[in-house]
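Student: Can we go through this one together? I'd like to start with how the contacts are counted.

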Amino acid sequence: MIAELGHFCLILALCVALAQGVLPLAGAVRGNARWLAFARPAAATQFVLVALAFAALAWAFAQNDFSVAYVAQHSNSRLPLEYRLSAVWGGHEGSLLLWILLLAGWTLAVALASGPLPEIMVGRTIGVLGLVAAGFHAFILFTSNPFERLLQVPAEGRDLNPLLQDVGLIFHPPMLYMGYVGFSVAFALAIAALASGRLDAAWARWSRPWTTAAWVFLTLGIALGSYWAYYELGWGGWWFWDPVENASFMPWLIGTALIHSLAVTEKRGVLKNWTLLLAITAFSLSLLGTFLVRSGVLTSVHAFATDPRRGVFILVLLVLVIGASLILYAVRAPRVVSGGEFDLVSRETFLLANNVLLAVACATVFLGTLYPLAVDALGAGKISVGPPYFNTVFGPLMVPLLFLVALGPHASWRSTSVAELARRTRLAFAFAVGGGLALPFAMGSFSPLVALGLFLVLWITACTFLHVRSRAAASGGAPALLRQPASYWGMHLAHLGLAVCVVGVVVSKGYETEKEVRMAQGDTLAIGGYSLRLVGMREAPGPNYSAVVGEIELSRDGKLLKVLRPEKRTYFSSQMPMTEAAIDPGLTRDIYVSIGEPLGGGAWSVRAYYKPFIIWIWGGALLMALGGLLALSDQRYRRARAAAQASTLQGAKA
Amino acid sequence: MKPRHKRLALIASGIAALAITAALVLNAFQSNLVFFFSPSQVAAGEAPRDRSFRIGGLVQAGSVKRSQEGLSVQFVVTDTAKDIRVAYAGTLPDLFREGKGVVAQGKLGADGVFHANEVLAKHDENYMPPDAQHAVDQAQKAQKTLRNP
């Protein structure tokens, strides 16, 4: 009964979404204020309906209602409750429902926070979001209904894929989707701006926090996914350039570009068309990511779908959204006039360079991800593009980007002299060159790549320090720094986060040690100055699996530090084996052990890694996200809202 | 500089940067494309000798042999028509099973043994790597055409 109610709510939500999409947009065209005013209540109603549907599905999981096909496929009565609830988005249908729920949530947030915006802008924005929602409602109702019942009710469910039975996977998909779907707001605002032909500083100021919020979620989502891959897949890798990872990385790259171009558009009124195009691209790539993951064209753990109808449906949806918005862009963008000029060397140019580099980086990822699919689809053979391609291409593109990240804040708007820029940053440059050359020796051995990476890290850090110092000097001493706007600190924190991330990438890559050996009871293995001793293997039962646990003593200079317990699990319902690595994490190094397979005679294959500074990768991502949060908390956005309110009131009076 | 010159400089440097990037990207792309061959194709001599490629098919039942020392292992990959011997050193993936689908990447040795540096079996027990499935399908189609000309 509950499941049918959920299904019914979804059908109602589709109707509401259609009305929410059509009425306000028609009202905007015909100047009908009552139709426009429909937008906000429709957004609220839709959120309630989708939330009820989501709750109904969660209820079915909590109650082990295996008469619902989706529950039977993705849950099991022996599965712990927290995994039963996260199993709601553990499969295709449920994760789409989550997508729609988050879209409805973002739309509701727009409806609640859009007080100061002109009604026509609000109506258009919510209308566009309604059309997107209607497309996805139709998708879920016609091809992937999560509430479908089974005629013969199985006594037991098939269980959640063991890879997904993990804390990281409870949070990773919602975070990632919050980011994906969040870009729909920037997209809808861009479409509304195109439709009205008006794009002013107020529009940009209003778009910025939405874009930043989506970007923060996407950053956290990607970082969580990467950390999960690191500890769960048992290979010690943290980024595989897997098409699914790339699908989330592409919107992130364009979203990062968008954040920066929005800053230019707000402050200087230039690059407007480019900003609009980025907003459209960021959301299109989010949709493309959804298509790649959900259509089954990719075959990995993420691709649950095997029904070709789904692929076709979502492809049509993708083409409609991207096609319609690009046509609108082609027709209306020439009317959006950019004002202001800027010199060849100015902050505008630095931000433009950032945008170009990020866009090119995104294009290279796009090529490497989609080319094999295109070749396969055309029947021209089977090929794959591996990590070496991405590493050789992506690395060199990041070098100028990282170099410019440090310089950008030092440049003034409109015009900067190169000599002045050089004078301001020469100390930082000397420091970074010296440190970049010296540090690799301190770490053991010199490698040009590590030196280059550490040079860039020190360069960013030192330039940031100099910038803060000169700001303090200009505004009257260190206490004045506290009065700097939050977005100022947000920017620096995010840039430092990037530097921290680079430390992790470069140092772990440069100095990691990997050993793969046969180990029997009592054998020892030396790695990175540590020693690992296999004490023994024992059986250990789990709630829905049985495990073989290795007891491995980690010691240094004869002193026992910790006992590591990597596991090999076999899940009852699927008989699927799973490797659970054991990690001794640390600020300057991780020791990572996983067990492979029994080799006979009591020996096992064991993988061990010494990974220096690897945790800095995710620490850096966390700092970037915190920087975004700080920027979001900036008073300016709230003041801007009050100011806009005042001006709307005045406009109403006049 | 006059504004016109500035714009020219901007455009020229932009084009130069794009050209360099494009050259870099395409070069890396060219040298890192990994092609896929089925055991039948390898047996027919279509696979390259000097370059890394992928093979796929089923792990032949009873063919997996672990050496007594170290981690080297040998097994046979078949597309049900032709077989190819594969040598690998290291831990095999969790879902590597006899009779199940597998994809391996590596080089073909002069002895006809495929020296793999990477072995992939995917994340789900029901799931067949599409490349492996493709190899088996192709081989069975070829056999059918031979039987009923």
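Tutor: Two residues are in contact if their C-beta atoms, placed from the backbone, lie within 7 Å. Keep in mind that this is a predicted model.

Student: OK. In chain B, what share of the contacts between residues at least 6 apart in sequence join residues at least 24 apart?

Tutor: The share is 56%.

Student: Which elements does chain B have, and in what order do they run?

Tutor: There are three helices and seven strands in chain B. Starting at the N terminus, the order is α-β-α-β-β-β-β-β-β-α.

Student: And how much of chain B counts as buried?

Tutor: Of its 149 residues, 32%.

Student: Switching to cores. Which residues touch the most other members of the largest nonpolar core?

Tutor: A:I100, A:L103 and A:A186 do, in a core of 189 residues. Helix α8 of chain A, residues 167-196, gives the most to this core, with 18 residues. Another core, of 28 residues, lies apart from it and includes B:I55, B:I84, B:L92 and B:A104.

Student: What is A:I100 in contact with, leaving aside neighbours within four places in sequence?

Tutor: A:V50, A:A133, A:F136, A:H137 and A:I140.

Student: Next, helix α17 of chain A. How many residues does it have, and how far does it reach?

Tutor: Helix α17(A) covers residues 486-511, which is 26 residues. From first C-alpha to last it reaches 37 Å, close to the 38 Å expected at 1.5 Å a residue.

Student: Why call α17(A) largely enclosed by the rest of the structure?

Tutor: Because 20 of its 26 residues are buried.

Notes: Residues numbered from 1 in each chain as written. Chains lettered and ligands numbered in written order. Predicted model: local features only at pLDDT ≥ 70, side-chain atom pairs only at ≥ 80, totals over all residues. Helix = DSSP H or I, 4+ residues; strand = E, 2+ residues; numbered from the N terminus. Expected span 1.5 Å × (residues − 1). Buried ≥ 20, exposed ≤ 12 C-beta atoms within 10 Å, placed from the backbone. Core = buried A, V, L, I, M, F, W, Y, C linked by C-beta atoms within 7 Å.
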